[in-house]
Amino acid sequence: MTAPPEVTGSAADADPEAALQGMPKKAIQGRSLGQIAWLRLKRDKVAIAGAIVIALLILVAIAALLLDRVFDVVHPNEFHQDLIDTQNGTLAPLGTFGGMSGAHPLGIEPVNGRDILARIFAGSWISLLIATLATVLSVIIGTTMGIIAGFFGGWVDTLISRLMDVFLAFPLLVFAMALVGVLPDTAFGLSPEMVRIGLLIFIIGFFNWPYIGRIVRGQTLSLREREFVDAARSLGARGPYILFRELLPNLVAPILVYATLLIPTNILFESALSFLGVGINAPTATWGGMLSDASRFYTMPHFMLWPGLAIFVTVLAFNLFGDGLRDALDPRAR
Amino acid sequence: MSTKTETGAANRRLGEDLLVATDLQKHFPIRRGLLQRQVGAVQAVDGLTFTVKRGETLSLVGESGCGKTTTGRLLTRLIEPTGGTITLDGRDITHLSSGAMRPLRRDIQMIFQDPYGSLNPRHTVGAIIGAPFRLQKVKTEHGVKRAVQDLLELVGLSPEHYNRYPHEFSGGQRQRIGIARTLALRPKVIVADEPVSALDVSIQAQVVNLMEDLQNEFDLTYVMIAHDLSVVRHVSDRVAVMYLGKIMEIADRTSLYERPMHPYTVALLSAVPIPDTSRRDNRERIRLTGDVPSPINPPSGCRFHTRCWKAQDLCKTTEPPLVELSAGHQAACHFPENTTKLTIDPTGAAGSAA
Ligand SMILES: Nc1ncnc2c1ncn2[C@@H]1O[C@H](COP(=O)(O)OP(=O)(O)OP(=O)(O)O)[C@@H](O)[C@H]1O
Ligand code: SF4
Ligand SMILES: [Mg+2]
């Protein structure tokens, strides 16, 4: 790499900020990499679209959680049997397009006629909550283990790396199905629903940490060899200083990116568990559970379309945002 | 590039031994397999003996991979020597624990090879140059910020750069930041690991000049590492030429550049462009053929024999010791050049075999 020609003189500033053309160049305060990443992210329309969808989803999820009745119109578990065709024995919704109407914009379910939009909204908070908290759990365990492995190296690294292999080889789905079958419905004075949510967070989060762990370990290993670590040591820095002041600030960006990309994976996993009947119990609405119900009515595709679309849009939004975040934070694209 | 002025050199207190390395060794073990058994070692540094005198600049020169950085990291005790001893200002620091070494780190500092890698991208310039004060708990008269800004000015940067981040600077400016950081503790010795080799040629001279000015101002002693004899020609008092972890030749600057004794030095010098046209004709270019052998399995006898045009059977079996062949001029070769002022023409010998 050749250095750019040096400009001498007090007022002359270095200008490696080619990525920021059009930005005011002269600023007394330097821009941190975080600020630069934010400026870049702001200009990434696709990532911003993803972020907006995520923000809307979070609003909907909070509203659905707090209001119980979605926007005080329909309850997600309310039956509307009057709108079901009981004459022909198909138990399909009356009307066209799965019973779409002003009162039920996305139609109603077959058999019991529950409002689909209300159930999608109600399912959103469970999906987001489980996926996010499971990700937090994975990030905490994965970061700790990854840093320890990368920083200390040697047999500690070997041990943790093998442990990660074991976790990744674990037949998680089978284990989850077995575990859910044997555990009691209530514990710690919590409602069965809360126990199940906690269990799902634990299963998904606890077994996914090696994905984050591997990335953090690799990053730590390569950061540890950088000369600024030697520089700190040659000034007399101790282990904790190097870990927390030199290494960790450089790990925040990759952790953030992979956490964002782990959330959609966890949403899919939670849906899969609910689909298989080991997720949240009926009648609580979940997207995976709705898909599972819909699979019995394959002649009525609208029933499958909406929860599928909800999962798809959510996962896509998180992935687009995560990719944008990665590009914005990537030091190579600096 | 200005030549080191005679007065500047004379003003300094030359003389006492400040940093002494004796038979210094560093072997990096190579481990393989599940049980991490040692299957060999990279003999990165294999028996270096030299002294650095107070106020002087000793240059360590050699091709890539010959162990220069490893030597620098040994001297600053970033790594533990496998063998030999290091004495800093009369104190044996060879195997000091990191705790015992910590206060001594004020005396010996290092400038790193890569101006892009040696500054933490997440820290501001203020935090980077202020780190030595905080880590060594040095009291400053007007606070750390003022001290950092003074240092910035000292190395030719603006104090306003305090809040900026390394990525906002060019390579030369970053190396100045690195120099400011090493100066913070007012060290006695600075080990400069190829401080300018990553920089544009046009900037190299500026940084070298800055280092010379600082040496005069603060009575610094430099161990200057370079992979090319031309870079350090004007700043060195003495030069040591390294090859595969060993010193091949060590001498005063004039002696080494004008009467090189070791064939390897002769070869390196012949690759250096000679500014003096009258001398260009009688010195032939000696091209070093072949690659540098691996330090995992270095050649027997003289390590240079695989590439030496003067090599004979003796060279393959017996290692030549580093001996003083004339005052202050040591070389490790069975058949050195320029040893006597007889009629042996070095270029003649070179020409016949090249
Ligand atoms: N930590 C290490 N582990 C194993 N081998 C190492 C290590 N550090 C250096 N080496 C090896 O030791 C030898 C000398 O390396 P060193 O970095 O000292 O060379 P150098 O002279 O500084 O080269 P350059 O001019 O490329 O910087 C090389 O063969 C290198 O691969
Ligand atoms: S000892 Fe032999 S091989 Fe080594 S440098 Fe001298 S002449 Fe060449
Ligand atoms: Mg090096």
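This is a predicted model: local features need pLDDT of at least 70, side-chain atom pairs count only at pLDDT 80 or more; totals for chains, interfaces and linings use all residues.
**Chatting through chains A and B**

Me: Okay, metals next. What are the protein donors of the magnesium ion, ligand 3?

Reply: The donors are OG1 of T69(B) and OE1 of Q113(B), lying 1.8 to 2.5 Å from the ion. This pair links distant parts of the chain, 44 residues apart: T69(B) sits in helix 2 (residues 68–75) of chain B, while Q113(B) is in the loop between strand 6 and helix 4 (125–135) of chain B.

Me: And why does T69(B) count as partly exposed?

Reply: Because its relative accessibility is 25%, and partly exposed is the class between under 20% (buried) and over 50% (exposed). Q113(B) is partly exposed too, with a relative accessible area of 25%.

Me: How do strand 6 and strand 7 of chain B pair, parallel or antiparallel?

Reply: Parallel, over four bridges, with strand 7 of chain B spanning residues 189–193. In that pairing, M110(B) stands opposite V191(B) of strand 7 of chain B.

Me: Nice. What about the open sheet of four strands in chain B, what order does it have?

Reply: The order is 2-1-4-5, with antiparallel pairing. Strand 2 (37–53) and strand 5 (91–92) of chain B are the edge strands, each pairing on one side only.

Me: How many bridges join strand 1 to strand 2 of chain B?

Reply: There are 13 bridges between them; strand 1 covers residues 17–32 of chain B, and the two run antiparallel. One facing pair there is A21(B) and F50(B), the latter in strand 2 of chain B.

Me: Switching to ligands: which residues come nearest to ligand 2?

Reply: Of the 13 residues around ligand 2, the nearest are C302(B), C308(B), C315(B), C333(B) and H334(B). By class, the shell has nine nonpolar, three polar and one charged residues.

Me: Quick one on Q204(B): buried or exposed?

Reply: Q204(B) is buried, with a relative accessible area of 16%, and its place is in helix 7 (residues 201–218) of chain B. A polar atom of the Q204(B) side chain lies 3.0 Å from the backbone oxygen of V196(B).

Me: We've skipped chain A. What does its secondary structure come to?

Reply: Chain A has 10 helices and zero strands. Of its 334 residues, 48% count as buried.

Me: Then where does G218(A) lie?

Reply: G218(A) lies in helix 6 (residues 192–224) of chain A, and at 33% relative accessibility G218(A) counts as partly exposed.

Me: Last one: how many residues separate G218(A) and F151(A) in sequence?

Reply: They are 67 residues apart in sequence, and 9.9 Å apart in space, C-alpha to C-alpha.

Technical notes. Residues are numbered from 1 along each chain as its sequence is written. Chains are lettered from A and ligands numbered from 1 in the order in which they are written. Side-chain values use heavy atoms; hydrogens and water are left out. Two strands pair if DSSP finds at least two bridges between them. A residue is near a molecule or strand if one of its heavy atoms lies within 4 Å of it. Ala, Val, Leu, Ile, Met, Phe, Trp, Tyr, Cys and Pro count as nonpolar, Asp, Glu, Lys and Arg as charged, and the others, Gly among them, as polar. Donors are N, O and S atoms within 2.8 Å of the metal (3.2 Å for Na, K and Ca); water is not among the atoms, so sites may look incomplete. Buried means under 20% relative accessible area, exposed over 50%, partly exposed in between (1.4 Å probe, protein chains only). A polar contact is a pair of N or O atoms within 3.5 Å; within protein, one must be able to donate a hydrogen and the other to accept it, and residues adjacent in sequence count only if both atoms are side-chain atoms.
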